[in-house]
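Please look over the sequence and the model below.

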Amino acid sequence: MLASVVVSLVASLSVQEQAPSSLDGVISSHSQQYALQRPNPGIHFSPTGAARYAMQQGCIPHIMTGRPAGEFVSTAASGRRNAAPGQYTISTVVTLKEDPGGSCTIMATRGEPERLRAEMLGVFSEAGATSTVSLDTGVGSRDSNGNFRQELHCLTLNGRPLYLLMSSSTASNRPRLMASLGSDQNGDCASRGHTANRPQAR
């Protein structure tokens with residue numbers, strides 16, 4: 001009787017050792033979903049296209065997998081020497097930066113702000129993300145430095161809570177768009193919009 005119990009226990013442990021863990025499944029899923037994709041060369045003439053590529057193929061995989069964005073993006077411009085670790089030149093007017101706090105920021109110095117922000121929202125809509133607006137100062141809002149619209153969107157993508165903070169401006173001394181994507185595991189996004197400083201429309 002004891003021998004049969006021992007045999008059963010050993011067989012059970014052997015099955016457990018061979019069974020893949022749930023983490024293995026997640027890692028495999030991420031690896032299959034995100035891979036290096038080269039863009040259409042036309043993005044070098046389109047700030048909107050370059051910003052889309054940077055978010056879709058750079059920031060989203062970086063945030064969702066924790067791996068460097070450089071594993072997922074490759075353009076003629078990104079092969080140049082970067083100004084700092086974790087910073088990638090997507091085109092002559094669009095850069096991507098892995099922020100020390102864990103977020104990923106895209107900056108576009110040219111382009112039409114409203115089209116750029118709409119393109120960012122479109123990326124997540126196409127990916128099937130749910131979105132709630134936590135803050136939006138609105139078109140025409142300003143601060144002491146000029147035209148400045150700021151938005152905070154609370155997203156859920158593949159079951160993962162994220163935030164998307166976008167700042168857009170037509171002011172000559174500002175980028176046309178800054179868009180930062182990050183994890184919202186603590187659920188701060190929904191409440192942060194109510195306490196943020198809001199530029200006043202004039």
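V133 lies in strand 4, residues 130–136. Strands here are DSSP runs of E with at least two residues, helices are runs of H or I with at least four, and both are numbered from the N terminus. The model is predicted: local features need pLDDT of at least 70, side-chain atom pairs count only at pLDDT 80 or more, and totals for chains, interfaces and linings use all residues. Residue numbers start from 1 along each chain as its sequence is written, and side-chain values use heavy atoms, with hydrogens and water left out.

V133 is partly exposed, at 48% relative accessible area. That class sits between buried (under 20%) and exposed (over 50%), using a 1.4 Å probe and protein chains only. Leaving aside residues up to four places away in sequence, V133 touches L152 and H153. Contact means heavy atoms within 4.5 Å. The C-alpha atoms of V133 and E151 are 7.5 Å apart, with 18 residues of separation along the chain.

Strand 7 (residues 149–157) and strand 8 (residues 160–168) run antiparallel, joined by nine bridges. Two strands pair if DSSP finds at least two bridges between them. L152 stands opposite L165 of strand 8. The hairpin of strands 7 and 8 has two residues between the strands. In that hairpin, N158 takes a positive phi near 50°.

Strand 8 also pairs with strand 9 (residues 177–183). The sense is antiparallel, over seven bridges. Here the bridge partner of L165 is S180 in strand 9.

## Disulfides

How many disulfides does a search of the whole structure find? It finds two. The criterion is a pair of cysteine sulfur atoms within 2.5 Å.

Another disulfide joins C154 to C189, with S to S at 2.2 Å. This pair also links distant parts of the chain, 35 residues apart: C154 is in strand 7 and C189 in helix 5 (residues 189–195). The link is left-handed, with -95° about the S-S bond. C154 and C189 are both buried. With the bonded cysteines numbered in sequence order, the pairing is 1-2, 3-4.
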